[in-house]
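Dear colleague,

Please find below the structure that I am handing over to you. My notes on its salt bridges and nonpolar cores follow it.

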Amino acid sequence: MRFQFGDFIADDEARLLLHKGSAVHLSPKAFDLLLALLRERPRALRKEDLHSRIWPDTFVSDASLAMLVAEARAALGESARTPRYVRTLHRHGYAFQGPANELASASQAEAGYWLVTGATQIPLLPGDNIVGRDPKARVWLDAPSVSRQHARIRINDDRVTLEDLGSKNGTRARDQRVTSLTDITNGDELLFGSVRASFRTWSADPTRTDVEPS
């Protein structure tokens with residue numbers, strides 16, 4: 001399940017918090033906290049409930065929970081004094097406030113996009129998908145020829161574009177060097193440094209293109 005609120009998407013399946021398509025660092029426990037509040041919204045969760053969900057077999061103090069709340073708020077760009085999403089109920093617990101929509105997971109969406117590298121299929125999300133060697137990148141390519149932030153694949157409605165981000169070894173689409181914003185379509189072969197990939201629209205088998213052979 002994915003939850004969309006404001007410019008954020010919390011992707012339970014991928015264990016990612018995204019802001020305008022870019023990954024935001026959040027520790028696993030802080031992510032668990034955010035998901036718990038989103039799932040139960042607008043109901044407030046008591047501190048005891050959160051303890052049992054986040055640390056089911058370990059005793060921790062309320063200070064540990066408060067640290068996770070502070071981390072989640074920092075990732076969301078808010079503070080305890082001006083909370084936009086995470087509300088404190090003093091001496092009780094916390095709640096998620098504000099509108100949030102539940103979206104189908106990227107792998108379940110009826111219309112979706114994939115980047116296929118070898119035997120790996122990476123779902124692409126609406127907005128910006130950074131391709132790079134940085135482990136925080138949406139499309140993580142762990143290869144020496146790939147820059148930390150190598151390229152950007154942007155999905156905006158039905159248009160998908162590819163942009164090189166000043167990478168050392170370049171980006172190519174359909175055997176052409178990408179030097180400006182470039183539209184890509186189903187079946188296009190891409191090259192990030194020396195790493196080859198295919199861009200695919202959704203199908204029952206994401207390794208198979210929807211394009212009929214000529």
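Arg174 counts as partly exposed because its relative accessibility is 40%, where partly exposed lies between buried (under 20% relative accessible area) and exposed (over 50%), with a 1.4 Å probe and protein chains only. Its salt-bridge partner is Asp188, with the closest N and O atoms 2.5 Å apart; a salt bridge here is a side-chain nitrogen of Lys or Arg within 4 Å of a carboxyl oxygen of Asp or Glu. Asp188, at 8% relative accessibility, counts as buried. The two residues are 14 apart and link distant parts of the chain, Asp188 in the loop between β17 (182-183) and β18 (189-192) and Arg174 in the loop between β15 (171-173) and β16 (176-177). Strands (E, at least two residues) and helices (H or I, at least four) are DSSP runs numbered from the N terminus.

Please note that this is a predicted model, in which local features need pLDDT of at least 70 and side-chain atom pairs count only at pLDDT 80 or more, while totals for chains, interfaces and linings use all residues. Residues are numbered from 1 along each chain as its sequence is written, and side-chain values use heavy atoms, leaving out hydrogens and water.

By the rule above, the salt bridges number 13. Among them, Asp134 pairs with Arg148, the closest N and O atoms being 3.5 Å apart. Asp134 lies in the loop between β11 (127-132) and β12 (139-140), and Arg148 in the loop between β12 and β13 (151-156). Asp134 is buried at 15% relative accessibility, whereas Arg148 is partly exposed at 47%.

As to the nonpolar cores (buried Ala, Val, Leu, Ile, Met, Phe, Trp, Tyr and Cys residues joined through side-chain atoms within 4.5 Å), the largest has 30 residues, of which Phe5, Leu17, Leu33 and Leu50 touch the most other members. Elements giving two or more residues to this core include β1 (2-5), α1 (28-40) and α3 (62-75); α1 gives the most, with eight. A second, separate core of 22 residues includes Val139, Val146, Ala151 and Val178.

With kind regards
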